[in-house]
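Open the model in a viewer and keep the selection tool at hand. The stops below go from the whole chain to single residues.

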Amino acid sequence: MRLGGGAVLSGGMANDVSTASTESAERVDYLSFLKRRWTLADFVKLALLLGIGGTLYYFYGVTHIYQDMPISVWAWERYAPQYNFEHGKLVLPIFAYLVWYHRDEIAKAKKEGCNQGLIWVAAGCVIFAIGARTLQGRLGMAAGPVLLYGIVLYLWGKEVARILRFPILFLMFMIPVSAIEQATFRLQFLVTGMARTVCGLLGIELYAVGTTLRPVDRSFQGFDIAEGCSGIRSLMAMVMVTAIYVHLTQTKLWKKVTILFFSIGFAIIGNAGRIVTIFVVAKYFGSDFAGGPFHHWSGYVSFPIALGAMLLLSRLLDMPIFEAAKAIKTGKAEAGSGLEPLTKKDEVTYDS
């Protein structure tokens with residue numbers, strides 16, 4: 001450091017100041033639009049947004065379209081235990097979190113409206129009209145994400161629409177799916193067979209009568225695998241959790257697709273594991289305790305098992321052997337992965 005006509009900062013201090021100025025320059029001011037002077041165009045855009053929001057609220061929250069009630073009210077009534085769709089109440093809060101999670105990307109994205117968004121808006125209007133005419137509430141709800149994507153694309157452009165594509169698509173989990181109610185019967189038999197096999201490996205021999213499992217040695221009472229124990233309640237919830245997990249943690253499309261494909265299996269494994277724990281407890285602590293207090297507590301067992309299966313598959317896909325196999329098959333490897341030699345073809349030369 002030099003003293004005299006002016007002090008010169010040392011290298012370390014200068015670097016600190018430079019780093020601090022860079023960080024402050026990169027920091028995003030989310031309230032900048034409130035601090036600047038608003039123009040007539042800004043007020044027109046605000047009026048347009050309020051008009052769009054009011055229109056969506058009117059058709060989804062006021063107009064009686066399905067079963068003499070608004071679609072939002074009908075959907076909320078379907079988020080009940082008897083329909084095995086309680087997780088539908090969490091979709092909107094999770095959607096809000098995903099938008100907040102991408103806030104920096106949205107703030108930095110180039111915002112130029114795209115007229116292609118009008119095509120999506122028109123498609124959403126057609127889907128909603130068909131749902132209203134056919135009295136299909138689910139079809140009317142499916143129009144919501146299509147409309148929202150079109151609005152985002154039209155107002156803010158392709159970059160913002162690309163960032164918000166998954167959060168908007170995630171709203172599809174709000175739609176109550178009646179097909180999973182019809183799958184309950186088959187799931188009961190599938191989970192019953194899996195639990196019987198695993199219990200046999202643990203030395204607890206069981207025989208099945210329909211969906212009822214009983215011990216061969218009659219050392220305790222048997223249990224019936226009811227609808228709630230078949231995995232139907234956690235099936236869509238597990239698919240939803242897996243979708244969030246792959247979006248936040250995975251960057252490669254083939255890994256996302258693979259993990260999401262097995263998400264239904266994760267739910268089945270979790271519930272089969274829960275039933276196995278009930279029979280183990282019944283074997284050593286009695287049927288009354290297993291079918292009473294432990295049965296109520298065991299609901300907290302299935303989801304950790306399912307999550308463990310999901311994380312295990314994710315770790316397996318991260319193993320070098322899968323990356324190596326993909327590099328050999330495609331002939332391409334990521335820079336710095338150490339797999340480049342597997343993609344290089346040896347040149348054959350002939351001596352003259």
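**Whole chain.** This is a predicted model. Begin with everything shown as cartoon: the secondary structure amounts to 19 helices and three strands. Of the 352 residues, 36% count as buried. If contacts between residues at least 6 apart in sequence are drawn, 67% of them join residues at least 24 apart.

**The largest nonpolar core.** Select V91, M141, F170 and F173; within this core of 40 residues, these four touch the most other members. Next colour the elements that give two or more residues to the core: helix 4 (71-78), helix 5 (91-101), helix 8 (137-156), helix 9 (158-163), helix 10 (165-170) and helix 13 (232-249). Helix 8 contributes the most, with seven residues. Nonpolar side chains tend to be buried together in soluble globular proteins.

Centre on F173 and show its surroundings. Leaving aside residues up to four places away in sequence, F173 touches F85, H87, V91, M236, V239, M240 and A243.

**Helix 8.** Select 137-156. Helix 8 has 20 residues, and the distance from its first C-alpha to its last is 29 Å, close to the 28 Å expected at 1.5 Å a residue. Step on to G157, which follows helix 8 and has a positive phi, near 100°.

Now show the three strands, which form an open, antiparallel sheet in the order 1-2-3. Strand 1 (206-209) and strand 3 (223-224) are the edges; each has a single partner strand, so one side of each is left without a neighbour in the sheet. Strand 2 (residues 212-215) pairs with strand 3 in the antiparallel sense over two bridges. To find the partner of T212 in strand 3, select D224.

**Two cysteines.** How many disulfides does a search of the whole structure find? The search finds zero. Select C114 and C125 in turn and compare their cover. C114 has a relative accessible area of 11%, so it is buried, the cut-off being under 20%. C125, at 44% relative accessibility, counts as partly exposed, because that class runs between the buried limit of 20% and the exposed limit of 50%.

Methods
Residues numbered from 1 in each chain as written. Predicted model: local features only at pLDDT ≥ 70, side-chain atom pairs only at ≥ 80, totals over all residues. Heavy atoms only, no water. Core = buried A, V, L, I, M, F, W, Y, C linked by side-chain atoms within 4.5 Å. Buried < 20%, exposed > 50% of the residue type's maximum accessible area, 1.4 Å probe, protein only. Helix = DSSP H or I, 4+ residues; strand = E, 2+ residues; numbered from the N terminus. Contact = heavy atoms within 4.5 Å. Pairing = 2+ DSSP bridges. Expected span 1.5 Å × (residues − 1). Disulfide = S-S within 2.5 Å.
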